[in-house]
Amino acid sequence: MNRSFIFPPQAIVGLPVDGSAVDFPVRRIYCVGRNYAAHAREMGFDPNREPPFFFCKPNDDASVIPVAANVTGALPYPGNTTNYHHEIELVVAIGKGGSNIAVEHAASHIFGYAVGLDMTRRDLQMAMRQQGRPWEIGKAFDYSAPIGPLRPIAMTGELSSGEISLQVDGKTVQSSDIANLIWSVNETIANLSTLFSLEPGDLIMTGTPEGVGPVSPGQILTGHIAGLTSISVQVSG
Ligand code: MN
């Protein structure tokens, strides 16, 4: 029997897929904190290999901004911040679910990869961190997750190294290599799947390298990861 609702339920966000006419339906968005040593240091932490930790972003169309290839998306500057930061990240899309996935089987659960931005109200995140409170207001706000087209792993092969960089108005401000991830993609999937049952449609934002910093209205952010479709967004006032 078809259920009906007292108002239209939220739409499922779809990410464009390279080489496909149909979109990838987004389920949950998991994010890894401090997963590059140089970024952990710039945030004031010892980058010893402690277990990965996770937070989430909302999956609705007010939070996720799918950005098509060769298009500059609009990224609204959020309220309640004076320190709005870029974080370029490798996004991993799950195509096959599972729990307690072994590291050596993790790659078989990957649908593909994308370039994403874990946009952050750094002032609010730091204030919450200092008080031992949850990070949501600093991380899980509206328009906090611009994500570019997914490229299937069938096209890329497994990504374990390759340049990751972000330019602000053409100037490179973040530059590293996927090989510098403290917890590799496969290790991250394995660990996350002990905490949550992964399902097709889940996304994992794998962490940002060093060089995070503030952006202003009008600036254009361009993110690149070797082998993937680049992402471009302009911060709007
Ligand atoms: Mn991040």
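**Close-up 1. The buried residues of helix 2 pack against strand 7 (84–86), strand 10 (120–121) and helix 3 (136–139).** Packing here rests on contact, meaning heavy atoms within 4.5 Å. Helices (H or I, at least four residues) and strands (E, at least two) are DSSP runs, numbered from the N terminus. This is a predicted model, in which local features need pLDDT of at least 70 and side-chain atom pairs count only at pLDDT 80 or more, while totals for chains, interfaces and linings use all residues. Residues are numbered from 1 along each chain as its sequence is written, and side-chain values use heavy atoms, with hydrogens and water left out.

Which residues of helix 2 are buried? Within this helix, which spans residues 122–130, they are R122, L124, Q125 and M128. Buried means under 20% relative accessible area, exposed means over 50%, and partly exposed lies in between (1.4 Å probe, protein chains only). Looking down the axis of helix 2, you will find its buried residues within an arc of 165 degrees, so they line one face of the helix. That arc is taken from the directions from the helix axis to the C-beta atoms. Just after helix 2 comes G132, with a positive phi of about 70 degrees.

Close-up 2. A salt bridge is a side-chain nitrogen of Lys or Arg within 4 Å of a carboxyl oxygen of Asp or Glu. By this rule, the structure has six salt bridges. Now widen the view: K57, E87, D118, R122 and K139 are linked in a network of salt bridges.

**Close-up 3. K57 and D118 form a salt bridge, with the closest N and O atoms 2.8 Å apart.** K57 belongs to strand 4, and D118 to the loop between strand 9 (110–117) and strand 10, 61 residues apart. Is K57 buried or exposed? K57 is buried, because its relative accessible area is 5%. D118 is buried too, at 0%.

**Close-up 4. R151 pairs with D18 in a salt bridge.** Here the closest N and O atoms are 2.9 Å apart. The two partners are 133 residues apart: R151 is in strand 12 (residues 151–152), and D18 is in the loop between strand 1 (14–15) and strand 2 (24–25). R151 counts as partly exposed because its relative accessible area is 23%, whereas D18 is buried at 13%.

**Close-up 5. C31 and C56 show the structure without disulfides.** A disulfide is a pair of cysteine sulfur atoms within 2.5 Å, and the structure holds zero of them. For C31, the nearest cysteine sulfur is that of C56, 7.0 Å away. C31 is buried, with a relative accessible area of 0%, while C56 is partly exposed at 37%.

**Close-up 6. A62 lies in the loop between strand 4 (53–57) and strand 5 (64–66).** What does A62 touch, not counting residues up to four places away in sequence? The answer is D142 and Y143. The C-alpha atoms of A62 and Y143 are separated by 5.8 Å, although the two residues are 81 residues apart along the chain. A62 itself is partly exposed, because its relative accessible area is 25%.
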